[in-house]
Amino acid sequence: MSIFEYNGSAVVAMVGKNCFAIASDRRLGVNLQTIATDFQRIFKIHDKLYIGLSGLATDVQTLYQRLVFRHKLYQLREERDMKPQTFASLVSAVLYEKRFGPYLCMPVIAGLGEDDVPFICTMDCIGAKELAKDFVVSGTASESLYGACESMYKPNMVTYYFEALGLTHGKTMEQGANCIGVQKENQYKLLEEPEELFETISQALLSSVDRDCLSGWGGHVLLVTPTEVQERTLKSRMD
Amino acid sequence: MCSKSQRSVAFRFHRILRRTTNRPCFPRLRSSFDTAAFFPDRREGSKKEMECVFGLVGDGFALVAADTSAVHSILVHKSNEDKVMILDSHKLLGASGEAGDRVQFTEYIQKNVHLYEFRNGIPLATAAAANFTRGELALALRKNPYSVNILLAGYDKDVGASLYYIDYIATLHKVDKGAFGYGSYFALSMMDRHYHSGMSLEEAVDLVDKCIIEIRSRLVVAPPNFVIKIVDKDGAREYAWRESIKDAGVSAA
């Protein structure tokens, strides 16, 4: 069994309309034996920035301690919180420092940046950043999660309409929308509202971890909007 | 108590006892990362798994039970080896793993916990001691890992009784019930069935006995004797031995 599958994990983050949601499973195992069903994999860096760490649990804890340490130093020096893009670069650098003896975890970073624009990214265990506009996944259940998220994440309905009309070739969504006179306000209806996003991410997480024996035993979802943070625990198949 | 400041003990490395001798390191290839190093016991045939340690938290107390066999390959050196160390007045450290590492590491932790109390006048909180132990294991993990699994039980006035599960690769988790070794397959299942939070002492000892009976009857290399230690508001102390084989005394010639 691979070292990344020693403890079992599943983490997913999704972008919504001025909000983001990050979710993880709650199982801590040692190979096929379950040790605990309340293990925390998502950690708060500051009010609008969360990091979910999948992979070997000991490195999850060590890496979290190192990152919180670096962020607190940054706060003392700069007297403000780190932006998500900056934090992602920091995580990437910290991971690449250990290029030939890496921390065996794959982080998922989610935050609200300037003007509360949501930002998500993931990286591999040596810090290769993968920015995405819709969702990112990591963990032992990542393949199932890709499939579930791709199908459940609200498709960009206007893009499909434009493609059917042959309008989007080489154009941005805004230019495409202008071509057929769609009002600018309507373009933002394409992104998920917070409540819808919570439903989508919960369903995606639960259906994926149900197919993975190493992750599951409940879910932990955090929904972050500019004004509040909602933290919820999901009950799933307990096996 | 000031447990928040005590948690920073994990970062104050200059305050701990420094090792005066070097522990042997695995030969390392500089250019590649060897994940097999995370499983050192696989090379020796997992003999660490034959040692059973398990524990649970009850109403205002925590119990830790461990087998008492010192085994080397097929030979049992002694069957009254105490593997649950009394860390300080209100903490227990049950350890399983390679014999040399176990004794070395637990004594190292015990001395550092005592040092903190001497220097600062107040004892470490259980959470702080657990985090310190995890930090030491994590530091050593990528140099010369200790093969020691630990269950750290303690009682604090503000928090009550708590139990921490610390893996040999430094995974720390606060649990209500935990177990290590081959015996864990039986002990954890028995505890899953019979455990509930807030158990009284009689119920908890009864459950521990059920686990011991299960281990003795179902594990082919079952250790014969167990020690049970308890920690509560009155302190950490030995509760009972469960012996099925007594060491034969040396008879006069």
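User: Leaving aside neighbours within four places in sequence, which residues is A:Thr225 in contact with?

Analyst: This is a predicted model, and in it A:Thr225 is in contact with A:Asn18, A:Cys19, A:Leu112 and A:Pro194, once the neighbours within four places in sequence are left aside. The residue itself lies in the loop between β11 (219-224) and β12 (229-234) of chain A.

User: Why is A:Thr225 called buried?

Analyst: Its relative accessible area is 12%, and the word buried is used for values under 20%, so A:Thr225 is placed in that class. In chain A, buried residues make up 52% of the 239 residues.

User: What makes the pair A:Lys48 and A:Asp116 a salt bridge?

Analyst: The label asks for a side-chain nitrogen of Lys or Arg within 4 Å of a carboxyl oxygen of Asp or Glu, and the closest N and O atoms of A:Lys48 and A:Asp116 are 3.1 Å apart, so the pair qualifies. The pair links distant parts of the chain, with A:Lys48 in the loop between β5 (42-46) and β6 (49-55) and A:Asp116 in the loop between β7 (105-112) and β8 (118-123), 68 residues apart. A salt bridge also joins the side chains of A:Lys44 and A:Asp47, at 2.9 Å from N to O, and over all chains the structure holds 21 salt bridges.

User: Which class do B:Asp88 and B:Lys91 fall into, and why?

Analyst: B:Asp88 stands at 7% relative accessibility and B:Lys91 has a relative accessible area of 2%; since buried means under 20%, both residues are therefore buried. They form a salt bridge with each other, their closest N and O atoms being 3.4 Å apart. Elsewhere in chain B, salt bridges that share partners join B:Glu51, B:Asp67, B:Lys78, B:Glu81, B:Lys83 and B:Arg102 into one network.

User: Why is B:Val220 called exposed?

Analyst: The relative accessible area of B:Val220 is 82%, and exposed means over 50%, so the label applies. B:Val220 sits in the loop between α6 (201-218) and β11 (226-232) of chain B, and together with B:Tyr182, B:Tyr185 and B:Val221 it makes a nonpolar surface patch of about 410 Å².

User: What makes helix α4 of chain B largely enclosed by the rest of the structure?

Analyst: Of its 16 residues, 13 are buried, so the helix is largely enclosed. Helix α4 runs over residues 126-141 and reaches 22 Å from its first C-alpha to its last, close to the 22 Å expected at 1.5 Å a residue.

User: Where does the pLDDT of chain A stay under 50?

Analyst: One such stretch is residues 156-165, for which the model has 16 contacts beyond four places in sequence. Over residues 184-189 of chain A the pLDDT is also below 50, and this stretch has seven contacts beyond near neighbours in sequence. Where pLDDT is low, the predicted coordinates should not be read in detail. Chain A as a whole averages a pLDDT of 87, and 85% of its residues score at least 70.

Definitions and conventions:
Residues numbered from 1 in each chain as written. Chains lettered and ligands numbered in written order. Predicted model: local features only at pLDDT ≥ 70, side-chain atom pairs only at ≥ 80, totals over all residues. Heavy atoms only, no water. Helix = DSSP H or I, 4+ residues; strand = E, 2+ residues; numbered from the N terminus. Expected span 1.5 Å × (residues − 1). Buried < 20%, exposed > 50% of the residue type's maximum accessible area, 1.4 Å probe, protein only. pLDDT = per-residue confidence, 0-100. Contact = heavy atoms within 4.5 Å. Patch = residues over 30% accessible without salt bridge, like charges linked within 9 Å, V, L, I, M, F, W, Y side chains within 5 Å. Areas by Shrake-Rupley, 256 points an atom, 1.4 Å probe, with all protein chains shown as cover.
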